[in-house]
Amino acid sequence: MPGMPRDAPTDDEPTAGDTAGRRYRTLWISDIHLGTPGCQALALLDFLKSTDCETLYLVGDIVDGWQLRRRWYWPQAHNDVVQKLLRKVRKGTRVVLVPGNHDEFARRYVGHSFGGIEVVEDCMHVTADGRRLWVTHGDLFDGVVQCARWLAYVGDSLYEFTLKLNRWVNHLRARAGLPYWSLSRYLKLKVKRAVSYVSDFEAAVAREARRRGAHGVVCGHIHHAELREIDGVLYANDGDWVESLTALAEHPSGELVLLDWSALRAAPAASPVLTPVATPVPVTPAEGVTVLSHDVHKLTA
């Protein structure tokens with residue numbers, strides 16, 4: 001059938017050296033928004049080919065059902081992302097889908113498995129160092145989505161317009177030799193009401209994680225990557241694959257890092273070395289990597 005995933009060419013498989021230094025115990029990605037022009041599918045394919053992990057969490061809004069109901073958009077690169085995920089399952093990676101508001105149709109299939117991808121409402125992940133992390137998309141803590149759904153649809157249309165304008169702006173910037181710049185991220189960080197919304201969302205999710213007896217929470221939804229503590233609870237947002245191209249990763253030691261793929265692609269492929277720090281001082285991360293762990297570390301070349 002047209003638009004349905006097909007097997008992608010096998011020559012996209014990484015060579016032995018492609019994932020050197022990019023092997024993790026766990027990876028979390030969310031807000032891919034397959035089915036929209038804003039989805040950075042090629043960058044995500046690059047990330048998936050260049051990294052390896054035991055468990056991969058898809059933390060909601062993987063497929064954008066809202067946009068697809070309005071207008072069908074499904075290029076081959078989006079098929080290739082789906083096939084790459086299925087191929088990871090076949091090669092032994094555990095892949096878990098936690099649906100979000102844009103792919104809420106998948107919530108009807110909680111408890112089922114599709115091509116080996118497990119569908120769950122939410123779940124508790126235990127890190128290698130014993131911390132319990134509650135994994136949820138986060139839309140249940142968005143008052144707009146829950147209480148004024150029509151306003152959420154309006155906001156989604158405005159966001160899509162901003163992304164379209166952003167593509168034109170960056171086309172002109174590229175011709176001028178300037179780097180990529182996100183208009184929507186700039187607006188979110190500058191508009192006071194948007195900053196307040198993000199802060200309220202983060203605090204609400206952290207409170208619920210504490211109520212559930214978790215040490216922390218991993219979520220998505222607001223397209224704002226973050227890794228910090230909120231009142232003693234670890235808050236981790238893995239960002240998105242529309243603007244920020246970010247993911248959350250767990251090393252075999254249990255250490256958590258926030259990966260900025262656009263920066264890492266431009267950085268040397270050498271794996272950073274973790275050096276313990278005696279006292280919990282602020283971390284100065286390598287370019288493209290934000291670090292926060294139970295035992296504070298710093299990255300050195």
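In these legends, a residue is buried if its relative accessible area is under 20%, exposed if the area is over 50%, and partly exposed in between (1.4 Å probe, protein chains only). Helices (H or I, at least four residues) and strands (E, at least two) are DSSP runs numbered from the N terminus. The model is a predicted one, where local features need pLDDT of at least 70 and side-chain atom pairs count only at pLDDT 80 or more, while totals for chains, interfaces and linings use all residues. Residues are numbered from 1 along each chain as its sequence is written, and side-chain values use heavy atoms, leaving out hydrogens and water.

**View 1**
Welcome to the first close-up. Most residues other than glycine have a negative phi. H221 has a phi near 80°, a positive value, and is not a glycine. Look for H221 in the loop between β8 and β9. Is H221 buried or exposed? With a relative accessible area of 11%, H221 is buried. D61, also not a glycine, has a positive phi of about 55°. D61 sits in the loop between β2 and α2 (65-70), and its relative accessibility of 1% makes D61 buried.

**View 1. Strand β10 and its two partners.**
Two strands are said to pair if DSSP finds at least two bridges between them. β10 (residues 233-237) pairs with strand β8 (residues 216-219) in the parallel sense, over 4 bridges. In this pairing, V218 stands opposite A236 of β10. With strand β9 (residues 226-230), β10 pairs in the antiparallel sense over 5 bridges, and here I230 stands opposite V233. The hairpin of β9 and β10 has 2 residues between the strands, and D231 in this hairpin takes a positive phi near 50°.

**View 2. The two faces of β10.**
In a regular strand the side chains alternate between the two faces of the sheet. What covers β10 on each side? On one face V233, Y235 and N237 are buried, and on the other L234 and A236 are buried, so both faces are covered. Because 5 of the 5 residues of β10 are buried, the strand is largely enclosed by the rest of the structure.

How many of the 10 residues of α1 are buried? The count is 7, and α1 is mostly covered. The buried residues are A41, A43, L44, L45, F47, L48 and S50. They pack against β1 (23-29), β2, α3 (76-90), β11 (246-250), β12 (256-260) and α8 (261-266), where contact means heavy atoms within 4.5 Å. The T51 side chain reaches the backbone oxygen of F47 at 2.7 Å. Such a polar contact is a pair of N or O atoms within 3.5 Å; within protein, one must be able to donate a hydrogen and the other to accept it, and residues adjacent in sequence count only if both atoms are side-chain atoms.

**View 3. Aromatic rings in pairs.**
Rings of Phe, Tyr and Trp (its six-membered ring) pair if their centres lie within 6.5 Å; planes under 30 degrees apart count as stacked, over 60 as edge-to-face and the rest as tilted. The whole structure holds 6 aromatic pairs. One of them is the stacked pair of W28 and Y57, at 5.6 Å centre to centre with 10° between the planes. This pair links distant parts of the chain, with W28 in strand β1 and Y57 in strand β2, 29 residues apart. Both W28 and Y57 are buried. Y109 and F114 form an edge-to-face pair, at 5.4 Å centre to centre with 90° between the planes. Y109 is partly exposed at 36% relative accessibility, and F114 is partly exposed at 42%. Ring pairs also link F47, W241 and W261 into a cluster.

**View 4. Two nonpolar cores.**
A nonpolar core is a set of buried Ala, Val, Leu, Ile, Met, Phe, Trp, Tyr and Cys residues joined through side-chain atoms within 4.5 Å. The largest core has 37 residues, and I29, F47, L56 and W241 have the most contacts inside it. A second, separate core has 16 residues, including L227, A236, L248 and L256.
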